[in-house]
Amino acid sequence: MSHLCRRLPLQGLKKALVPFTAPAVGRQSYATFSDKKVAMSNLEAGQFINYQRIEDNLKVVRDRLGHPLTLAEKIVYGHLDDAKNQDIARGSSYLKLRPDRVACQDATAQMALLQFMSAGLPTVAVPTTVHCDHLIEAQKGGVADLARANDINKEVYDFLSTCTKKYDIGFWKPGSGIIHQIVLENYAFPGGMMIGTDSHTPNAGGLGMVAVGVGGADAVDVMAGIPWELKCPKVIGVKLTGKLSGWSSAKDIILKVAGILTVKGGTGAIVEYFGPGVDSISCTGMATICNMGAEIGATTSLFPFNKRMADYLVSTKRSSIADYANSFKHNLTADEGAK
């Protein structure tokens, strides 16, 4: 893992490119999580978090690779379609993955749903949601702009509404809110993997999720039950020290990182934040950092599971997920000595 560190006004990001050393996390014996069913969301009946798959896959991967794993590796490799036979080489091999869910915004969902309809399947293979937010243009004000969007996009909204109902897809009508905040409040969970038809899908990394922006064709593959292909990402580690103070904010962190890496420095890599400074950032602050990680070309960005995430899950009425994630914390943080 590359280790990116510079000092910020908030006493964060330490200095220079040096070997990455992850925080100490005790190696636990391989537990059984299949006997506990925790809902992936309060809005989807019968859909449960599958930590057992991650646990089982990582046992195979650890035996094969023989080295400590970063958090990014744990989540990505934990979602491999075939952990035993998959070629795993950072930056070169192509992984076949099984994401937990899909999120689409209204501008890109149209073609994706039309393609899915042609598959002839009765329903989507993984939980999927469509969010009507991108076709609303800001011109006069919220009420007037929403009314205008409902008028000029009526045919699109009617199609999305009826199509999602037919295929058991979650539908968030115009005016419900921005896709990324809705996902963070209702669908994101630590250790999960999601793809979304929007470049800022990585926002969900603020809850410890590997969330990647993709094109509509990739989304359709996952919706149809086909493994998703991703070039095995490299990992860039960002160690945060100190704590947020004064007028500093989470945005200062990502702006500093962007200044160092430039608009393409994160290409082909997952940016993984760690270190004691992480605990001073709110869950929504971490989401902001991950959201803006798209501007440096990163595949996605994420943070390790911590109390700030647990508090956010509790405040959004998902305490059962917080408890489940706490019991799985050994795989929601990097191994000691990961590089």
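A contact is defined here as heavy atoms within 4.5 Å. On this definition, residues 24 or more positions apart account for 72% of the contacts in the chain with a separation of 6 or more. The model is predicted, so that local features need pLDDT of at least 70 and side-chain atom pairs count only at pLDDT 80 or more, whereas totals for chains, interfaces and linings use all residues. Residues are numbered from 1 along each chain as its sequence is written, and side-chain values use heavy atoms, with hydrogens and water left out.

The secondary structure comprises 11 helices and 12 strands, taken as DSSP runs numbered from the N terminus (helices: H or I, at least four residues; strands: E, at least two). Of the 339 residues in the chain, 51% are buried. Buried denotes under 20% relative accessible area, exposed over 50%, and partly exposed the range in between, with a 1.4 Å probe and protein chains only.

The largest nonpolar core contains 96 residues; such a core is a set of buried Ala, Val, Leu, Ile, Met, Phe, Trp, Tyr and Cys residues joined through side-chain atoms within 4.5 Å. Y51, Y77, W228, Y273 and F303 have the most contacts inside this core. Leaving aside residues up to four places away in sequence, F303 touches L71, G205, G208, L240, Y273, V278, I281, M286, I289, C290 and M309.

Helix α2 (residues 71–78) has eight of its eight residues buried and is therefore largely enclosed by the rest of the structure. Its buried residues are L71, A72, E73, K74, I75, V76, Y77 and G78. R62, in helix α1 (residues 51–65), is likewise buried, at 9% relative accessibility. The C-alpha atoms of R62 and Y77 are separated by 9.9 Å, the two residues being 15 apart along the chain.

Two helix pairs were examined, with axes fitted as lines to C-alpha atoms over the stretch in contact and angles running from 0 to 180 degrees between N-to-C directions. The axes of α3 (residues 106–117) and α5 (residues 154–166) come within 10 Å and cross at roughly 50 degrees. The two helices are therefore oblique to each other, given that angles under 35 degrees count as roughly parallel, over 145 as roughly antiparallel, 65 to 115 as roughly perpendicular and the rest as oblique. Their contact involves D106, A109, Q110, L113, L114 and M117 of α3, together with V156, Y157, F159, L160, C163 and T164 of α5.

For α9 (residues 283–292) and α10 (residues 307–315), the packing angle is about 110 degrees and the axes are 8 Å apart. This pair is therefore roughly perpendicular. C283, T284 and M286 of α9 meet R308, M309 and Y312 of α10. A287, also in α9, is buried at a relative accessible area of 3%. Its C-alpha atom is separated by 3.7 Å from that of G206, 81 residues away along the chain. Apart from residues up to four places away in sequence, A287 touches L184, N203 and G206.

Most residues other than glycine have a negative phi. T262, in the loop between α8 (250–261) and β11 (269–274), has a positive phi near 65 degrees and is partly exposed at 42% relative accessibility. K317 lies in the loop between α10 and α11 (319–327); its phi is also positive, near 60 degrees, and K317 is exposed at 69% relative accessibility.
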